[in-house]
Amino acid sequence: MNTVNDTYHSLLARHDAMRLRRRLFSSSGAGRQAAEGAGAEGATEAAPQQPYDGAADQRVITDHLELVTPFEDLIGHLYDAMFAHWPFLRRLFPESMEFQRKHLEAAFRYLIENLHDPDAVAATFTRLGRDHRKLGVRPAHYRAFEASLCEALRRTAGPRWNEGMERAWVRMLRFAVAAMVEGAEAALGEPAAWHATVTGHDLRRADLAVLRVRPHEPYPYRAGQYASVASPHLSQAWRQYSIACAPRPDGELEFHVKLTGRGGVSEALVARTRVGDVLRLGPPGGTMTLDDDDPEHDLLLVAGDTGWAAVKALLQELAAHRVAQRDVHLFLGVRHPSALYDTESPAELRRRYPWLRVTQVVGEGPGPGEFGALADVVAGHGDWSRRLAFVSGPPAMAAPLVARLAADGVPAGRIRHDPLPDRA
């Protein structure tokens, strides 16, 4: 095992040296020659030289998708192969692999469904590569992943699998990996992760806590974005939470965390975290931000449950930089009036932000506001096609609303929604 580990760490050092060399000389011909000189060893690190025909690979993959789906077996075989051949990679993953398996399945589905649009795929995986730096992922790890995927594809598909199908999968993977490596290298000037001390832990309900944390160094983000959060109680387990405040002079951040399961990050943050604990934060992400160059569109804000966190940050930014008189309408969806946890009733919101219209939507039981499904109530209030829409909340609430807005004529480019996964 020592010989295997020595080889592994030598390979990592070699890749790191090549990355540093390319970065130091990236603006000169010498830099281009260094990148080209990497040869086959650096193939997964360099962007494709020819435009990628994702649509062709998409057709091959989808035509034979039944051979490797459902993805549960494929992903199980992939990780079995990876940890059998490279057992030292196990440390990059959390103890429980359930969330990781779901995350990888979602990534496969996204790739296959969007491969006809390589620019969108590249943008998504560039952001993902920047975020994966916090896990200690390096280019050499992607080689192990590719080999394990090929082994898993053959094992799952059986004798009907052929070389053409495998090449399509490999090209798809290498295209995504090239974008991830590019994203990681572009972010070499920032920390892979930030440490942040918990300065406040307010249990608003038995299943929901509002956390305030102060990063040890500046954390650059915009109102409406989210961060991946890791607790010291769980190694390598990260979950994404919206940042519930606009940037503040003191640098503090706020997160609203709902307990969604036992043994996961949400339980560690709600039930086991105390003031003084040090959390880790991944780089900020998300597109639910206000456009500096588009102050003309009136706004539609829709928040459900802890989706209120992102909308709260947007309202703070609007209040701090309000120049144009934009009309802002907020729909605040709750299952029951008692679920309002952040002490901001609709009346209080209107007093705080006189330019804001608020409609509370109650899903269950009697109470103030309108009763019904959030998507139906929002749609029933009129034509939103000229608005810039922000939708924040759990997938079961947000997905139908996003689809309804698009069907009712709101252009896709004016619907801001970051579909954060269910968070255990």
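I began with β8 and β9: strand β8 (residues 328-334) runs alongside strand β9 (residues 356-362), paired in the parallel sense over seven bridges. I keep in mind throughout that this is a predicted model.

Then I checked the β7 side. β7 and β8 also pair in the parallel sense, over six bridges. Here V302 stands opposite F331 in β8.

Which order do the six strands of the open sheet take? I read it off as β10-β9-β8-β7-β11-β12, with parallel pairing. The edges are β10 (370-371) and β12 (415-416), each of which pairs on one side only.

**How enclosed is β8?**

I went through β8 residue by residue, and seven of the seven are buried, so the strand is largely enclosed by the rest of the structure. Both faces are covered. On one side I find V328, L330, L332 and V334, on the other H329, F331 and G333, all of them buried.

**Helices on the sheet**

Next I asked which strands helix α10 lies across. Helix α10 (residues 308-320) lies across β7 (299-304), β8, β9 and β11 (388-392), and I note an angle of about 145° to β7. Helix α13 (residues 395-407) lies across β7, β11 and β12, at about 160° to β11.

**α5 against α8**

I moved on to a helix pair. Helix α5 (residues 98-114) and helix α8 (residues 163-186) pack with their axes 11 Å apart, at an angle of about 105°. The 65 to 115 degree range counts as roughly perpendicular, and α5 and α8 are therefore roughly perpendicular to each other. From α5, F108, L111 and I112 meet W169, M172 and A176 of α8. I sorted the contact by class: six nonpolar residues, no polar and no charged ones.

Where do the nonpolar residues gather? I recall that in soluble globular proteins nonpolar side chains tend to be buried together. The largest nonpolar core here has 42 residues, and those with the most contacts inside it are V68, L74, L78, Y79, F108 and W169. I listed the helices that each supply at least two of its residues: α4 (71-85), α5, α6 (118-132), α7 (139-157) and α8. Of these, α8 gives the most to this core, with eleven residues. There is also a second, separate core of 25 residues, and I noted A227, Y241, L269 and L279 among its members.

Leaving out neighbours within four places in sequence, V68 is in contact with L74, L153, T156, A157, W161 and W169.

Not counting residues up to four places away in sequence, I see E166 touching C150, R154 and W161. W161 was already in my list for V68, and I close the page there.

Technical notes
Residues numbered from 1 in each chain as written. Predicted model: local features only at pLDDT ≥ 70, side-chain atom pairs only at ≥ 80, totals over all residues. Heavy atoms only, no water. Axes fitted to C-alpha atoms, helices over the stretch in contact; angles between N-to-C directions. Helix = DSSP H or I, 4+ residues; strand = E, 2+ residues; numbered from the N terminus. Parallel < 35°, antiparallel > 145°, perpendicular 65-115°, else oblique. Contact = heavy atoms within 4.5 Å. Nonpolar A, V, L, I, M, F, W, Y, C, P; charged D, E, K, R; others polar. Pairing = 2+ DSSP bridges. Core = buried A, V, L, I, M, F, W, Y, C linked by side-chain atoms within 4.5 Å. Buried < 20%, exposed > 50% of the residue type's maximum accessible area, 1.4 Å probe, protein only.
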